[in-house]
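Welcome! Please take a moment to look over the sequence and the structure below before reading on.

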Amino acid sequence: MEISGIISALVIGIVIGVLGRLVVPGRQHIGILWTIVVGIVAAFIGTAIAAGLGVVDTKGVDWIEWLIQIALAALGVAALSRVKVRN
């Protein structure tokens, strides 16, 4: 993977993580670095799911892929926030 691919993955992960965090209601008890990590993981897993469904490459913006990624990020943020609250 080239450096531009890594930078792109980080930027997309930040965007996905922040959007996922905005979807979750209430206050989340995780920091911005955890949000970015959740976003990066959600972006990779969401892309794999979209590829499995055959919707990864569409004309224009890949809205279904983005929705899958944001939903996964929201689930990740909510789950991690609950774990942090219990500890």
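The model shown here is predicted.

| Helix pair | Angle between axes | Distance of axes |
|---|---|---|
| α1 (residues 3–23) and α2 (residues 32–53) | about 105° | 7 Å apart |
| α1 and α3 (residues 63–86) | about 65° | 7 Å apart |
| α2 and α3 | roughly 140° | within 7 Å |

**α1 with α2**

The angle of about 105° between these helices makes α1 roughly perpendicular to α2. On the α1 side, the residues that make the contact are Ala-9, Leu-10, Ile-12, Gly-13, Ile-14, Ile-16, Gly-17, Val-18 and Arg-21. On the α2 side, you will find Ile-32, Thr-35, Ile-36, Gly-39, Ile-40, Ala-42, Ala-43 and Phe-44. Sorted by class, this contact holds 12 nonpolar, four polar and one charged residues.

**α1 with α3**

Here α1 passes α3 in a right-handed crossing. From α1, the residues Val-15, Ile-16, Gly-17, Leu-19, Gly-20, Arg-21 and Val-23 take part. They meet Trp-66, Gln-69, Ile-70, Ala-73, Ala-74 and Val-77 of α3. The class count for this contact is nine nonpolar, three polar and one charged residues.

**α2 with α3**

With axes that cross at roughly 140°, α2 is oblique to α3. The crossing of this pair is right-handed. In α2, the residues in contact are Trp-34, Val-38, Ala-42, Ala-43, Ile-45, Gly-46, Thr-47, Ile-49, Ala-50 and Leu-53. Their partners in α3 are Glu-65, Ile-68, Gln-69, Leu-72, Ala-73, Gly-76, Val-77, Leu-80 and Lys-84. By class, the contact has 13 nonpolar, four polar and two charged residues.

**The largest pocket**

Now for the space in the model: the largest pocket holds about 170 Å³. Its lining is made of 13 residues, and those nearest the centre are Ile-12, Ala-43, Thr-47, Glu-65 and Gln-69. Which elements give two or more residues to this lining? They are α1, α2 and α3, and the largest share, five residues, comes from α1.

How values were computed: Residues numbered from 1 in each chain as written. Predicted model: local features only at pLDDT ≥ 70, side-chain atom pairs only at ≥ 80, totals over all residues. Heavy atoms only, no water. Axes fitted to C-alpha atoms, helices over the stretch in contact; angles between N-to-C directions. Helix = DSSP H or I, 4+ residues; strand = E, 2+ residues; numbered from the N terminus. Parallel < 35°, antiparallel > 145°, perpendicular 65-115°, else oblique. Contact = heavy atoms within 4.5 Å. Nonpolar A, V, L, I, M, F, W, Y, C, P; charged D, E, K, R; others polar. Left-handed = near helix turned anticlockwise from the far one by under 90°. 1 Å grid on protein atoms, 1.4 Å probe; cavity = no way out; pocket = protein on both sides within 12 Å on 5 of 7 lines; lining within 4 Å. Points joined across faces, edges and corners; volume = space filled by probe spheres on them.
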